[in-house]
Amino acid sequence: MTVDDTGSGADGDGRVDPEPDPDSADPGDDPLALRLEGLILGAERRYTPFQAARSAGVSMELASRFWRAMGFADIGQAKALTEADVLALRRLAGLVEAGLLSEAMAVQVARSTGQTTARLAEWQIDSFLEGLTEPPEPGMTRTEVTYPIVELLLPELQEFLVYVWRRQLAASAGRVVQAGDDEEMVDRRLAVGFADLVGFTRLTRRMEEEELGELVEAFETTSADLVAARGGRLVKTLGDEVLYAADDAGTAAEIALRLIETMAHDETMPELRVGIAFGTVTTRMGDVFGTTVNLASRLTSIAPKDAVLVDSAFAEELIRTGDAPASEAAAAEEAAAAEKEGEEPPVYRFALQPMWQRPVRGLGVVEPWLLTRRGDGGGES
């Protein structure tokens with residue numbers, strides 16, 4: 001809830017009269033909305049932004065930065081804040097005062113938390129609560145069933161949210177402490193993959209909105225499940241595209257091929273194309289940036305339908321780890337040598353086929369490789 005930085009409206013003893021912003025909707029106009037707010041927040045409105053900042057012992061300027069970072073709407077100097085808002089300000093400011101976080105980092109914490117939970121809250125209301133609060137009997141209004149449903153769900157959803165967050169935090173902390181050095185905690189070598197639905201723009205013109213929404217949801221759900229099950233990390237979804245990362249090339253390759261194979265068996269899904277690159281990646285607020293990410297995106301745009309293109313660094317990593325042979329000729333020589341010695345030949349999971357070098361916008365000339373799953377008889381084309 002961004003606020004008026006000046007704290008105008010205060011009288012001589014610092015009190016501020018409520019001055020609601022006329023341009024913003026006031027939930028207080030709707031008694032049910034106000035009751036729901038009280039239920040969810042667990043406290044009544046007591047403070048204007050200026051009063052909340054003063055009670056928390058922080059400057060109005062810093063309070064405004066925190067509130068803006070959390071994505072809260074501008075409420076001017078309306079009396080709409082609670083003890084929980086004051087406590088949140090104290091905690092963030094306390095972390096800064098104790099030297100545990102810089103002010104800039106505290107703002108990033110507020111922003112990342114606000115952005116993530118805002119999307120979660122929107123999804124829960126739009127897709128979850130909306131369905132549950134359909135009036136069960138003729139004559140009943142949605143408002144008559146919303147409050148008791150929220151009252152029942154709230155503690156369970158809160159406990160589940162904390163559980164998932166702790167699990168994710170533990171997994172992320174584990175990855176950090178395994179990093180080789182401090183620089184690797186921020187700039188890490190990862191495999192980054194984009195999976196993109198082919199012809200999605202044309203589909204948006206042909207399909208009804210509900211059908212399109214169901215297709216996107218099915219694509220995102222299937223992708224998220226596959227990425228998680230195979231040991232990758234879903235970075236974000238963009239409707240017709242997903243971005244994922246993995247610590248090693250073999251995991252990223254397996255995810256890509258599984259995505260292609262799974263979508264190909266679903267007649268309702270368009271074709272899929274995937275691009276993967278391997279290299280140094282900068283991580284910020286759960287997202288990934290850098291040349292490696294850009295290259296993966298460009299490879300996706302030029303990949304054939306139902307195919308996976310990778311960059312040369314990714315191909316070299318697969319060869320180095322023994323997940324793919326340097327060439328089918330080399331694999332055949334190794335197999336012949338092993339047979340002659342009475343030994344088992346090397347087993348490779350993937351095959352790599354070099355493609356024509358081509359210029360890629362903003363990245364110069366690249367040499368893509370076609371990645372396929374390798375059967376007993378060699379690489380598949």
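**Figure 1. Overall view of the predicted model.** The secondary structure of this protein comprises 13 helices and 10 strands, and the model is a predicted one. The protein has 381 residues, of which 37% count as buried. Among contacts in the protein with a separation of 6 or more, 68% are between residues 24 or more positions apart.

**Figure 2. Close-up of the packing of helices α10 and α12.** Helix α10 covers residues 249–264 and helix α12 covers residues 312–320. The two helices pack at an angle of about 110 degrees, and their axes are 9 Å apart. Angles of 65 to 115 degrees count as roughly perpendicular, and α10 and α12 are therefore roughly perpendicular to each other. Their crossing is left-handed.

**Figure 3. Close-up of the residues where α10 meets α12.** From α10, the residues in contact are A249, G250, A252 and A253. On the α12 side, they meet F314, E317 and L318. By class, this contact of α10 with α12 has 5 nonpolar, 1 polar and 1 charged residues.

Figure 4. V227 is part of helix α9, which spans residues 209–229. Buried means under 20% relative accessible area; V227 has 0% relative accessibility and so counts as buried. With neighbours within four places in sequence left aside, V227 is in contact with G232, R233, L234, Y244 and I255. V227 and L259 are 32 residues apart in sequence, and their C-alpha atoms are 8.6 Å apart in space.

Notes:
Residues are numbered from 1 along each chain as its sequence is written. This is a predicted model: local features need pLDDT of at least 70, side-chain atom pairs count only at pLDDT 80 or more; totals for chains, interfaces and linings use all residues. Side-chain values use heavy atoms; hydrogens and water are left out. Axes are lines fitted to C-alpha atoms, for helices over the stretch in contact, and angles run from 0 to 180 degrees between N-to-C directions. Helices (H or I, at least four residues) and strands (E, at least two) are DSSP runs, numbered from the N terminus. Angles under 35 degrees count as roughly parallel, over 145 as roughly antiparallel, 65 to 115 as roughly perpendicular and the rest as oblique. A crossing is left-handed if the near helix is turned anticlockwise from the far one by less than a right angle, and right-handed if clockwise. Contact means heavy atoms within 4.5 Å. Ala, Val, Leu, Ile, Met, Phe, Trp, Tyr, Cys and Pro count as nonpolar, Asp, Glu, Lys and Arg as charged, and the others, Gly among them, as polar. Buried means under 20% relative accessible area, exposed over 50%, partly exposed in between (1.4 Å probe, protein chains only).
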